[in-house]
Amino acid sequence: METLLLETKQLKRVFGHGSGAVTALQDVSIKVPKGRLLVLKGRSGSGKTTLLNLLGGLDRPTEGEVYFEQKALSKMSESARTELRRRRIGFIFQSFGLFPLLSAAENVEFGLRLAGVARSEWKSRTAEALELVGLGKRGSHRPFEMSGGEQQRCAIARALAARPPLILADEPTAELDTKTGGKIVALFREWIAKEGVTILMTTHDPAIMEAADDVYELEDGRIKGGNTDEVEH
């Protein structure tokens with residue numbers, strides 16, 4: 001049997017109250033094995049980003065539960081959840097989330113500090129991650145000196161460098177051309193094989209979906225097709 005890294009049970013997320021309440025997710029139950037590349041697809045507003053935020057402990061469900069390595073996130077203290085995000089989960093945001101006054105290398109290194117990586121490894125891990133995403137010669141550049149695609153790749157490098165068991169990526173290739181996007185997905189597959197990580201990403205790109213181990217489709221806040229008990233193969 002495959003070892004589960006992540007599992008959700010009947011997740012529901014409602015924003016607002018009363019007549020103004022909006023249900024972003026409803027009855028979402030999925031199982032995510034270790035060492036897989038999984039894709040969440042769906043139209044804008046289908047609940048993809050909301051689900052990523054719940055999986056990463058950035059938000060709390062209105063109902064249901066998220067289990068990370070068999071531990072219920074709702075039963076963790078806020079400090080424990082923060083520690084989990086720092087050390088066990090990597091995030092790649094659509095907005096990049098880079099510090100504007102830090103160079104590309106410093107942004108990656110900062111992620112390593114938060115993850116508790118030994119100082120002796122910062123330089124080598126940073127250099128490796130930037131080289132992997134094609135920014136080996138851009139480490140001294142700050143975000144405003146880089147294109148949107150380069151900033152996207154820097155954010156990817158920061159997530160990879162810490163080598164967390166789970167990486168959650170919200171449209172990580174949106175700012176990249178088709179060729180570069182393909183290279184990043186190939187890199188994800190290599191990183192999964194090398195490090196045994198799990199990568200769960202949102203995308204609209206059919207080519208990326210073809211490279212994924214499994215694809216979940218969200219429609220109006222629900223997993224389409226009704227297969228909510230186990231991962232499709």
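Does Q10 count as buried or exposed, and what is its relative accessibility? In this predicted model, Q10 counts as exposed because its relative accessibility is 53%, and the cut-off for that class is over 50%.

Q10 belongs to strand β1, which covers residues 4-15. Its phi is near 50 degrees, a positive value in a residue other than glycine. Most residues other than glycine have a negative phi.

D220 also has a positive phi, of about 50 degrees, although it is not a glycine. This residue is found in the loop between β10 (214-219) and β11 (222-223). D220 is exposed, with a relative accessible area of 66%.

## Nonpolar core

The largest nonpolar core contains 39 residues, and among these I92 and F188 touch the most other members. Two or more residues of this core come from each of the following elements: β4 (37-41), α3, α4 (122-132), α5 (148-161), β8 (166-170), α6 (178-195), β9 (198-202) and α7 (206-211). Helix α5 supplies the largest share, seven residues.

In soluble globular proteins, nonpolar side chains tend to be buried together.

## Aromatic rings and a surface patch

The structure holds two aromatic pairs. In one of them, the ring centres of F91 and F93 are 5.6 Å apart and the planes lie at 0 degrees, so this pair is stacked. F91 counts as buried at 16% relative accessibility, whereas F93 counts as partly exposed at 32%. The other pair, F99 and F110, is edge-to-face, with 4.8 Å from centre to centre and 70 degrees between the planes. This pair links distant parts of the chain: F99 is in the loop between β7 (89-92) and α3, while F110 is in helix α3, 11 residues apart.

F99 and F110 also contribute, together with L114, to a nonpolar surface patch of about 230 Å². L114 is located in helix α3, which spans residues 104-114.

## Salt bridges

The whole structure contains 18 salt bridges. One of them joins R36 to D214, with the closest N and O atoms 2.8 Å apart. R36 lies in the loop between β3 (31-33) and β4, and D214 lies in strand β10, so the pair ties together parts that are 178 residues apart in sequence. Both R36 and D214 are buried.

Another salt bridge links R87 with E83, and here the closest N and O atoms are 2.3 Å apart. These two residues are separated by about one helical turn because they stand four residues apart in helix α2 (residues 78-88). R87 counts as partly exposed at 40% relative accessibility, and E83 counts as partly exposed at 34%. E217 and K224 form a salt bridge as well, with their closest N and O atoms 4.0 Å apart. E217 is partly exposed at 26% relative accessibility, and K224 is partly exposed at 44%. Finally, salt bridges that share partners join R36, R189, D213 and D214 into one network.

Conventions
Residues are numbered from 1 along each chain as its sequence is written. This is a predicted model: local features need pLDDT of at least 70, side-chain atom pairs count only at pLDDT 80 or more; totals for chains, interfaces and linings use all residues. Side-chain values use heavy atoms; hydrogens and water are left out. Patches are made of residues with over 30% relative accessible area and no salt bridge: like charges are joined within 9 Å, nonpolar side chains (Val, Leu, Ile, Met, Phe, Trp, Tyr) within 5 Å. Accessible areas come from the Shrake-Rupley method with a 1.4 Å probe; for residues, only the protein chains shown count as cover. A salt bridge is a side-chain nitrogen of Lys or Arg within 4 Å of a carboxyl oxygen of Asp or Glu. Rings of Phe, Tyr and Trp (its six-membered ring) pair if their centres lie within 6.5 Å; planes under 30 degrees apart count as stacked, over 60 as edge-to-face and the rest as tilted. Buried means under 20% relative accessible area, exposed over 50%, partly exposed in between (1.4 Å probe, protein chains only). A nonpolar core is a set of buried Ala, Val, Leu, Ile, Met, Phe, Trp, Tyr and Cys residues joined through side-chain atoms within 4.5 Å.
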